[in-house]
Amino acid sequence: MSGGIQTAIPCALMRGGSSKGVYFLASDLPADPDERKAVVLAIMGGADLRQIDGLGGADPLTSKAAVVGPSARDDADVDYLFLQIVVGEGWVDDTPNCGNILAGVAPFAIETGLVNATDGETVVRIHMVNSGNLAELVVQTSGGLVNYDGDVQIDGVPGTSAPIACNFIDTAGSACGALLPTGNLQDEIEGIPVTCIDNGMPVVVMRARDLGRTGYESRDELNADNELKIRLEAIRQKAGPMMNLGDITEKVVPKMCLIAPPRNGGAVTTRTFIPHTCHAAVGVLGAVSVATACVLPGSVADGTAVVAEGREKTLSVEHPSGEFTVTLVVNESGTLPVVEKAGLLRTARMIFRGNACLPSRIWGGRRNENPGQVVRS
């Protein structure tokens with residue numbers, strides 16, 4: 001729908017996990033990836049650091065978008081494209097997945113009629129367009145409706161909600177083409193030992209002590225640590241091409257993660273940058289990649305992380321606002337352990353549904369004639 005002054009675009013604002021984003025049906029946005037990015041950027045507030053003229057929350061965790069449509073794949077119900085709006089810089093990255101926003105995709109698909117709910121719980125298989133991988137989400141439903149009320153609490157989110165089980169299938173090399181894209185368990189970049197890993201999210205894992213930090217600093221302390229951020233960006237710029245990510249100047253990956261021994265009974269302590277701001281918690285798929293590094297003998301996490309024996313391993317990844325529990329099914333019969341499946345619990349909530357409006361000079365509302373084809377640039 002468009003008018004002479006503004007174009008109205010149907011959307012929903014949802015909390016997914018410990019993030020918040022705007023969810024769109026693919027059919028309500030331009031099919032062209034560049035035009036779609038421009039529309040979403042304008043809706044979120046453009047390049048303004050405060051995002052005062054849009055729906056963005058002036059924080060990386062609240063400046064996200066999901067584009068959802070029916071999937072052409074036989075093994076998936078819906079396609080999900082994640083868009084990270086880079087606050088204050090005026091660009092959008094469609095390279096990485098986002099597991100937190102993913103948690104809201106299944107409820108959104110049910111709410112918008114893309115998937116029919118079944119009584120008790122509804123399984124939604126999601127094709128993550130950014131990487132081509134699959135995820136299976138289990139949502140609590142009753143009477144054809146999504147149930148958002150429950151007793152599951154996740155750190156970084158107030159209150160409790162109904163559980164959403166998220167199972168990731170074959171996410172190794174999601175963006176980089178291989179679990180260990182450099183071919184090594186450890187590399188040295190800028191004099192710092194690192195493990196470059198991608199099990200759903202490209203991450204550069206480093207011991208905090210190697211950078212002269214404890215790894216227990218608060219988010220505010222790390223965001224004010226300009227010397228550290230300059231060093232991390234120098235490492236990130238060199239790691240990107242080594243991880244088959246090419247020029248990462250306008251990409252939010254790889255994420256940079258400082259680790260330290262656990263303090264609260266978990267497996268490891270983390271401080272993650274996305275890419276230049278310290279995360280208030282830890283990303284879903286970032287946690288999966290870090291947990292995977294923890295089970296690999298010879299990685300930089302070896303000797304720092306505390307990992308239990310057994311094929312199914314539960315790892316509590318500690319972060320600035322609590323912890324994030326990841327369950328890995330690990331095959332240890334080969335030279336290196338292989339993570340066959342990663343599972344975790346998230347929650348989500350629909351906050352509002354309506355229309356986002358933007359000047360018609362940016363987009364006049366031409367309908368996407370291929371709503372089932374959600375493509376990235």
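A: In helix H2, the buried residues are Gly 99, Asn 100, Ile 101, Leu 102, Ala 103, Gly 104, Val 105, Ala 106, Pro 107, Phe 108, Ala 109 and Ile 110. This is a predicted model, in which local features need pLDDT of at least 70 and side-chain atom pairs count only at pLDDT 80 or more, while totals for chains, interfaces and linings use all residues. Residues are numbered from 1 along each chain as its sequence is written, and side-chain values use heavy atoms, with hydrogens and water left out.

Buried means under 20% relative accessible area, exposed means over 50%, and partly exposed lies in between (1.4 Å probe, protein chains only). Helices (H or I, at least four residues) and strands (E, at least two) are DSSP runs, numbered from the N terminus.

Twelve of the 13 residues of H2 are buried, so the helix is largely enclosed by the rest of the structure. Just after H2, Gly 113 has a positive phi of about 85°.

Strand S12 (residues 202-207) is also largely enclosed by the rest of the structure, because six of its six residues are buried. In a regular strand the side chains alternate between the two faces of the sheet. On one side of S12 are Pro 202, Val 204 and Met 206, on the other Val 203, Val 205 and Arg 207, and all are buried.

Two strands pair if DSSP finds at least two bridges between them. S11 and S12 pair in the antiparallel sense over five bridges, with Val 204 as the bridge partner of Cys 196. Their hairpin has three residues between the strands, and Gly 200 in it takes a positive phi near 115°. S12 and S13 pair in the parallel sense, also over five bridges, and there Cys 257 is the bridge partner of Val 205.

Most residues other than glycine have a negative phi, and most peptide bonds are trans. Asp 170, not a glycine, has a positive phi of about 55°; it lies in the loop between strands S9 and S10 and is exposed at 58% relative accessibility. A cis peptide bond joins Val 253 and Pro 254, with omega about 0°, and Pro 254 sits in the loop between helix H4 and strand S13.
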